[in-house]
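Here is a short report on selected features of the fold. Keep the sequence and the 3D view at hand while reading.

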Amino acid sequence: MSKNITVIPATKNLHTGIPKADTFHKRRVAAYARVSTDSEEQLTSYEAQVDYYTNYILSNHNWQFVKVYTDEGISATNTKKRDGFNSMIKDALDGKIDLIVTKSVSRFARNTVDSLTTVRKLKEKGVEVYFEKENIYTLDSKGELLITIMSSLAQEESRSISENVTWGQRKRFADGKVSLPYKQFLGYKKGTDGRPEIVPKEAELIRRIYSLYIHGNTPSTIARILTKEEIPTPAGKTTWQSSTVESILQNEKYRGDARLQKSFTVDFLQKKMKTNEGEVPQYYVENSHPAIIEPQEWDMVQAEFKRRKELGRRFTSSSIFSSTIFCGDCGGTYGSKVWHSNSKYKRTVWQCNDKFKGSCKCATPHFYEDEIKALFLRAFGKMTKLKDSIIEDCLLMQQTLSDCSDLDSEQKKLTEELETTEILIRKCIDENALKVQNQVEYLDKYEQLMRKYTKAKTKLDDIENERQRRVEQRTAIQSFIDTLQKQDTPPIEFDEDLWLTLVERVTINADESVVFKFKGGIEITEQM
């Protein structure tokens, strides 16, 4: 018997799911418009796109207008932060849109993976995308191939643009051209010549923050003070964070210099930024713009940062004497204590914080603030009488610290050793990849080379730290000299700024002797 075959025609569209007999069904159509920057010209283009696609969809009688989804000032290299785009895709997947119209593949996404992934998700739901410039319908049989080609081209265009922008930035860095994020940077505005210009009112706030820190306040304390006074942050917020204060205190731009390329873009697609830890060059530009903080004061703040970090939890900020006066017995810091707090004999004394903590009680005495102030004035009075000879000694000390020939020689030797070892490590790895080797012997050789490299790198870091220590010491000595030169006669009254500028450390001994170590390296002993 012959076979009898009957064709049952399709009743729905393969991709859209719309019944073929439904000739009156209107496709629900949305459009997507985006511009990459916030410039006025681009905004005009953006408004034109919205107007164009609104009229374009409404003019087609077989289409039902849904909405024009938009993103302003957003880069298209990935779709994570494009709110308008993501909202459109969600609506499409929820069955609210049948067709999406957009200008071109590059407007949709410059990332091939994002583009194809999104198109395929929409295709599964029967949603079509029409790219007007390329005349591509994604439900067409050739659609995905063309999308792949065009998206790849768009992605390479993004890479090229990114590389050109990066090259331009690094060229500006190399030329020493400084640009600040003025909208979130206190103290400066863009001047008429394009260079940073000081904003007097904001500069006063910066100077106040530095002064508060030098006078013993911590960044968190300063943040609380500024928040309480309702002073807006650099970002215009009402609450200050200690990290914001720290950033201001450690930013070299306030001393008139600029370190450029502190961070860099790792991936042009994801736009991920990474702190520059030596992967790309940095540029340090001295005197690049007017300073708000004197270099000497800025250096003092950095030295104080380092000192407090070394003290760790022992640092407190209750007084200018906090974390400066130490016990000669146990090495602990002195702190203020209130005696007879509930009686008329109430008084504040200073004693070793660890006096009763150990198995042996510290024999160092307590003292009153007036006593330590009087002892400081006596010690400083002795220095003013010997001012000329002390300054001469300090200058000789500075000269010795300036001679870094020993460090330069060792640094050169270690740098050469690092370069040679790095070549040997690379050669070792390449040989192991190209030919069969005993892996135990290979790993032993590799680990020996790595140990050698690490040892040399550690020594090199130590040299850099020593160089920095000498710079800090020279700065402290210069500050000491400048202060001493201005003082012709011993001060009659205690001056907090004088204490903060001159005193490095005070040690209280059990025999009631008090050793003042000044920042110029001079030590003077007084008896209580």
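## Two crossing helices

Helix 6 and helix 8 are roughly perpendicular to each other. Their axes come within 10 Å and cross at roughly 100 degrees. The model is a predicted one.

Helix 6 brings Ile206, Ile209, Tyr210 and Tyr213 to the contact. Helix 8 answers with Val245, Ile248, Leu249 and Gln250. By class, seven of the contact residues are nonpolar and one is polar. No charged residues take part.

Five strands form an open sheet in the order 2-1-3-4-5. The pairing is mixed. Strand 2 (63-71) and strand 5 (136-137) each have a single partner strand, so one side of each lacks a neighbour in the sheet. These two strands are the edges.

Strand 1 (residues 27-34) pairs with strand 3 (residues 99-102) in the parallel sense. Four bridges join them. Alanine 31 has valine 101 of strand 3 as its bridge partner.

Helix 2 (residues 83-93) lies across strand 1, strand 2 and strand 3. Helix 2 runs at about 150 degrees to strand 2.

## Two glutamates with positive phi

Glutamate 230 sits in the loop between helix 7 (219-228) and helix 8. Its phi is near 60 degrees, a positive value in a residue other than glycine. Glutamate 230 counts as exposed, at 69% relative accessibility.

Glutamate 512 lies in the loop between strand 15 (503-508) and strand 16 (513-518). Here phi is near 70 degrees, again positive in a residue other than glycine. At 37% relative accessibility, glutamate 512 counts as partly exposed.

Technical notes
Residues numbered from 1 in each chain as written. Predicted model: local features only at pLDDT ≥ 70, side-chain atom pairs only at ≥ 80, totals over all residues. Heavy atoms only, no water. Pairing = 2+ DSSP bridges. Contact = heavy atoms within 4.5 Å. Axes fitted to C-alpha atoms, helices over the stretch in contact; angles between N-to-C directions. Parallel < 35°, antiparallel > 145°, perpendicular 65-115°, else oblique. Nonpolar A, V, L, I, M, F, W, Y, C, P; charged D, E, K, R; others polar. Buried < 20%, exposed > 50% of the residue type's maximum accessible area, 1.4 Å probe, protein only.
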